[in-house]
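Subject: Structure handover

Hello,

Here is the structure I said I would pass on. My notes follow directly below it.

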Amino acid sequence: MDLRLNRHRRAGLAALATAAALLAAGCSSQGGKKAQEADAGLAAGKADTPRMRIAMITHAAPGDTFWDTVRKGAKAAAAKDNVDLVYSSNPNGADQANLIQNAINQKVDGIAVTLAKPDAMKGAIAKAKKAGIPVVAFNAGLDQWKDMGLLEYFGQDENIAGQAFGKHLNEVGAKHDICVIQEQGHVALEARCAGVKKTFKGKTDILYVNGTDMPSVKSTISAKLKQDSSIDYVVTLGAPFALTAVQSAKDAGDKAKVATFDLNKDLVSAVQSGDVQFAVDQQPYLQGYLSIDSLWLYKNNGNFSGGGEQPVLTGPAFVTKDNVDTIAKFAQKGTR
């Protein structure tokens with residue numbers, strides 16, 4: 001009798017459990033559908049979140065191929081995130097600030113900006129924040145982004161990268177370098193050479209050139225090498241300038257070697273051939289991608305990396321003859 005009763009009780013409990021499960025499924029079907037729809041908008045692949053318009057505003061000078069890689073990364077993120085990407089640039093700080101004002105007037109949903117001349121940008125960025133537009137920084141402005149109240153920063157610590165560069169010069173036996181700055185007053189470029197000077201045990205001279213006039217860059221470096229035969233390394237701060245420095249050394253009949261910051265596909269080939277000894281890569285594609293993707297994440301999920309306190313570092317990474325072949329296939333696509 002007890003056995004039969006227990007069996008009946010167990011059957012009853014099972015029936016109740018089944019009914020409860022069916023009831024729960026019925027009651028939650030509508031809410032579950034809504035949750036799935038919300039999740040789909042944030043899922044991997046192409047987003048179906050509402051269309052956003054994001055302005056990317058840089059200090060790029062005409063003809064600097066470094067920014068082509070940045071834009072490829074930004075475009076990839078924009079395509080994934082359903083973003084209308086509006087790109088503009090100007091190497092002049094005041095003009096770059098005007099581009100920010102244009103973006104404010106257009107009521108964009110977010111701004112990604114480089115802070116090469118941060119003092120010139122403060123007022124415009126304050127206006128963007130007042131208008132309720134989220135702003136992130138990338139590439140230049142590591143020491144200024146937090147004080148200016150920006151959400152996030154993506155780039156490398158240029159002084160640390162410079163220090164690593166200086167140590168590498170010690171390792172290869174360099175004695176006297178010139179650090180070629182293509183834009184005087186650019187905080188990130190100045191920080192690179194300051195870092196080199198801090199750790200390099202030899203002598204470092206700073207050489208300023210006009211980065212928008214490549215024939216002038218070439219002749220200025222050649223003249224410096226002819227003037228001082230003790231220079232055994234030319235340190236440049238961008239791939240196009242490294243390739244020009246190689247020609248400068250040949251024109252001067254000088255045996256000085258060339259090493260650089262930043263990459264492009266021609267620079268990778270130069271490392272493979274030995275024309276350029278090594279390069280430091282800050283991964284510009286990643287900077288462009290993350291700056292756009294971060295604004296989409298902030299708008300659609302309230303995320304921001306580093307908690308507004310720490311930058312997201314994309315470099316430095318050394319590229320030498322030992323590892324350049326691994327990177328070459330990506331460089332050919334224009335993404336490294």
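The side chains of D251 and K218 form a salt bridge, at 3.3 Å from N to O; the term stands for a side-chain nitrogen of Lys or Arg within 4 Å of a carboxyl oxygen of Asp or Glu. This pair joins distant parts of the chain, with D251 in helix α8 and K218 in helix α7 (residues 214-227), 33 residues apart. D251 is partly exposed because its relative accessibility is 46%, and K218 is partly exposed at 29%. Buried here means under 20% relative accessible area, exposed means over 50%, and partly exposed is in between (1.4 Å probe, protein chains only).

Please note that this is a predicted model, in which local features need pLDDT of at least 70 and side-chain atom pairs count only at pLDDT 80 or more, while totals for chains, interfaces and linings use all residues. Residues are numbered from 1 along each chain as its sequence is written, and side-chain values use heavy atoms, with hydrogens and water left out. Helices (H or I, at least four residues) and strands (E, at least two) are DSSP runs, numbered from the N terminus.

Other salt bridges

The whole structure contains 10 salt bridges. One of them joins the side chains of K117 and E183, at 3.0 Å from N to O. That pair also links distant parts of the chain: K117 lies in the loop between β3 (110-113) and α4 (118-130), E183 in the loop between β6 (176-181) and α6 (187-199), and 66 residues separate them. K117 has 22% relative accessibility and so counts as partly exposed, whereas E183, at 16%, counts as buried.

K80 and D81 also meet through their side chains in a salt bridge, with 2.6 Å from N to O. K80 is partly exposed, because its relative accessibility is 23%; D81 has a relative accessible area of 0% and is therefore buried.

Helix pairs

Two packed helices are described by the angle between their axes and the distance between the axes. The axes are lines fitted to C-alpha atoms, for helices over the stretch in contact, and angles run from 0 to 180 degrees between N-to-C directions. Angles under 35 degrees count as roughly parallel, over 145 as roughly antiparallel, 65 to 115 as roughly perpendicular and the rest as oblique.

Helix α8 (residues 239-251) packs against helix α9 (residues 265-273) at about 45°, and their axes are 9 Å apart. The two are therefore oblique to each other. Contact, meaning heavy atoms within 4.5 Å, is made by A239, A242 and L243 of α8 with D266, L267 and A270 of α9.

Helix α3 (residues 93-105) and α4 have axes that come within 8 Å and cross at roughly 5°. α3 is therefore roughly parallel to α4. On the α3 side the contact is made by G93, A94, Q96, A97, I100, Q101 and I104, and on the α4 side by A120, M121, A124, I125, K127 and A128.

A residue in a strand

F154 is part of strand β5 (residues 153-155). Is F154 buried or exposed? F154 counts as buried, because its relative accessibility is 2%. The C-alpha atom of F154 is 4.5 Å from that of F138, and the two residues are 16 apart along the chain. Apart from neighbours within four places in sequence, F154 is in contact with V136, A137, F138, N139, Q287, L290, S291, S294 and V312.

Regards
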